[in-house]
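Take a walk through this fold, one part at a time. Keep the sequence and the structure side by side as you read.

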Amino acid sequence: MCIRERSEIVKIQSHIRGHITRKKTKGAGKGGYQNGATNNVGKPQGKEITTIPDYSNPETRATEQRLGPFKYDKSPTDSDRDLIEKGAYELDNGAIYIGQWNNEGIRCGKGIQLWPDGSKYEGYWKNDMAN
């Protein structure tokens, strides 16, 4: 399996995981749909954390070693200047997000999300979704 195929598989897994999470949280609270990462006033839900748990397992470590570090290849835009780095943040679903946010508390720009099952997405975010 080549690196491109693996990259496509990771994207598919990310989209499926996002779909399942959105389906679980649909209709949560007043006002309908909540995406699980931000509340209705744009403030991230969950809590900022200082210690990042190691959710990796032998399979994820081997895959990361085989693929190497993720390369951010997009050129920064004017809107990227307004993005905020907040450090590690534990979301309500137990996932950890490390990366950039916009001024409304939405994941946007470069970031990494780690799930308790060892899954990991590293790449670009837009409108609180892996992009």
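**A buried pair and its surroundings**

R107 and D128 are both buried. The model is a predicted one. Start with this pair. The side chains of R107 and D128 form a salt bridge, with N and O 3.0 Å apart. Side chains of opposite charge can pair when their charged atoms come close.

D128 has a relative accessible area of 5%. Buried means under 20%, so D128 falls in that class. Its side chain makes a further contact: it reaches the backbone nitrogen of R107 at 2.8 Å.

Now step back to the sheet. It is open and has six strands, in the order β1-β2-β3-β4-β5-β6, with antiparallel pairing. Which strands stand at the edges? They are β1 (47–48) and β6 (129–130). Each has a single partner strand, so one side of each is left without a neighbour in the sheet. Strands of a sheet pair through backbone hydrogen bonds, either parallel or antiparallel.

Strand β4 covers residues 107–114 and is joined to β5 by six bridges, the two running antiparallel. K110 has Y124 in β5 as its bridge partner. The hairpin of β4 and β5 has five residues between the strands, and G118 there takes a positive phi near 100°.

Next comes β5 with β6. Strand β5 spans residues 120–126 and pairs with β6 in the antiparallel sense over two bridges. K126 has M129 in β6 as its bridge partner. These two strands form a hairpin with two residues between them. N127, in the turn, has a positive phi of about 55°. D128 belongs to the loop between β5 and β6.

M129 and G18 are 111 residues apart in sequence, but their C-alpha atoms are 7.6 Å apart in space.

Turn to the helices. Helix α1 runs over residues 3–25 and contains I16. I12, I16 and I20 make a nonpolar surface patch of about 270 Å². In an α-helix there are 3.6 residues a turn, so residues three or four places apart point the same way. I16 is partly exposed, at 48% relative accessibility.

Helix α2 covers residues 58–67, and N57 caps its N-terminal end. A side-chain oxygen of N57 lies 3.1 Å from the backbone nitrogen of E59. After α2 comes G68, with a positive phi near 80°.

How many salt bridges does the structure hold? There are three. Another joins K120 and E64 at 2.3 Å, N to O. This pair links distant parts of the chain: K120 is in strand β5 and E64 in helix α2, 56 residues apart. K120 is partly exposed at 32%, and E64 is partly exposed at 35%.

K47 and E90 also form a salt bridge, their closest N and O atoms being 3.9 Å apart. K47 lies in strand β1 and E90 in strand β2 (residues 84–90), 43 residues apart. K47 is partly exposed at 49% relative accessibility. E90 is partly exposed too, at 23%.

Note on methods:
Residues are numbered from 1 along each chain as its sequence is written. This is a predicted model: local features need pLDDT of at least 70, side-chain atom pairs count only at pLDDT 80 or more; totals for chains, interfaces and linings use all residues. Side-chain values use heavy atoms; hydrogens and water are left out. Two strands pair if DSSP finds at least two bridges between them. Helices (H or I, at least four residues) and strands (E, at least two) are DSSP runs, numbered from the N terminus. Patches are made of residues with over 30% relative accessible area and no salt bridge: like charges are joined within 9 Å, nonpolar side chains (Val, Leu, Ile, Met, Phe, Trp, Tyr) within 5 Å. Accessible areas come from the Shrake-Rupley method with a 1.4 Å probe; for residues, only the protein chains shown count as cover. A salt bridge is a side-chain nitrogen of Lys or Arg within 4 Å of a carboxyl oxygen of Asp or Glu. Buried means under 20% relative accessible area, exposed over 50%, partly exposed in between (1.4 Å probe, protein chains only). A polar contact is a pair of N or O atoms within 3.5 Å; within protein, one must be able to donate a hydrogen and the other to accept it, and residues adjacent in sequence count only if both atoms are side-chain atoms.
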